[in-house]
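My entries follow in the order in which I looked things up.

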Amino acid sequence: MRHVSTAALWLAGGGLVLMTVFISAQVFMRYVMNDSLVWSEPASVILMGWFIFLGAAVGIREGYHLSFDVLLYFLPQGTKLILFSISDLVVTAFGAGMAWYGAELALSAWEVKLPSLGVSGAFDFLPLVVGGCLVFIFSIERLLRRAAGLPTARFGETEPEEA
């Protein structure tokens with residue numbers, strides 16, 4: 001899963017850079033050349049969806065999602081691990097819902113054509129599907145690692161928790 005996570009992070013970073021290039025080109029064309037690029041905005045929005053959802057999935061895997069941990073300071077380690085697992089189960093369900101309902105949205109927009117890009121409207125929703133699948137897989141990985149007694153990262157920790 002480390003390689004999948006790394007690839008997703010690189011794709012997200014590449015999407016961010018490419019979106020910046022598209023927007024910069026649009027600003028230059030509009031204000032300097034007085035001629036807009038009709039495809040730059042919808043392409044940038046699609047890229048933004050990709051880097052947001054891929055980055056969020058990697059954040060789940062690496063333990064960088066936010067959490068409310070005040071109660072955890074007062075609980076024994078065994079109880080903490082149970083609560084961490086419950087949290088990961090909720091995130092797993094959320095990822096499954098993202099993928100399922102994102103796929104329904106993509107299928108409903110399959111026949112719609114984005115005029116400025118000439119591609120199916122489903123491309124607007126594919127980041128939701130792929131990101132949801134990755135959130136699901138990475139959350140399952142966290143649960144399995146914890147069940148096997150292996151460490152999993154938590155937000156704000158420099159070292160992963162020891163099970």
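I began with Arg-142, which is buried because its relative accessible area is 2%, where buried means under 20% relative accessible area, exposed over 50% and partly exposed in between, with a 1.4 Å probe and protein chains only. I noted that Arg-142 forms a salt bridge with Asp-88, the closest N and O atoms being 3.2 Å apart; for a salt bridge I required a side-chain nitrogen of Lys or Arg within 4 Å of a carboxyl oxygen of Asp or Glu. This pair links distant parts of the chain, with Arg-142 in helix H4 and Asp-88 in helix H3 (residues 77-108), 54 residues apart. Asp-88 also counts as buried, at 1% relative accessibility.

Before going on I recorded the conditions: this is a predicted model in which local features need pLDDT of at least 70 and side-chain atom pairs count only at pLDDT 80 or more, while totals for chains, interfaces and linings use all residues. Residues are numbered from 1 along each chain as its sequence is written, and side-chain values use heavy atoms, with hydrogens and water left out.

How many salt bridges does the rule give? I found that the count comes to four. One of them joins the side chains of Arg-61 and Glu-141 at 2.8 Å, N to O. Arg-61 lies in helix H2 and Glu-141 in helix H4 (residues 126-147), so the pair ties together parts that are 80 residues apart in sequence; I took helices (H or I, at least four residues) as DSSP runs, numbered from the N terminus. Glu-141 counts as buried at 16% relative accessibility, and Arg-61 counts as buried at 18%. Arg-61 also meets Glu-62 in a salt bridge, at 3.0 Å from N to O, and Glu-62 is partly exposed, with a relative accessible area of 29%.

I then turned to helix H1, which covers residues 2-31. At 1.5 Å a residue, its 30 residues should span 44 Å, and the end C-alpha atoms are 43 Å apart, which agrees; the expected span is 1.5 Å times one less than the number of residues. I listed the buried residues of H1, among them Ala-8, Gly-15, Met-19 and Phe-22, and noted that the buried residues of H1 pack against H2 and H4.

What does Ser-44 touch beyond its neighbours within four places in sequence? I found Met-19, Phe-22 and Ile-23 in contact with Ser-44, contact meaning heavy atoms within 4.5 Å. Ser-44 is in helix H2 (residues 40-62) and counts as buried at 3% relative accessibility.

Phe-22 and Trp-39 form an edge-to-face pair, 5.0 Å centre to centre with 90 degrees between the planes; I paired rings of Phe, Tyr and Trp (its six-membered ring) if their centres lie within 6.5 Å, with planes under 30 degrees apart counted as stacked, over 60 as edge-to-face and the rest as tilted. Phe-22 lies in helix H1 and Trp-39 in the loop between H1 and H2, so the pair ties together parts that are 17 residues apart in sequence.

Note on methods. Helices (H or I, at least four residues) and strands (E, at least two) are DSSP runs, numbered from the N terminus.
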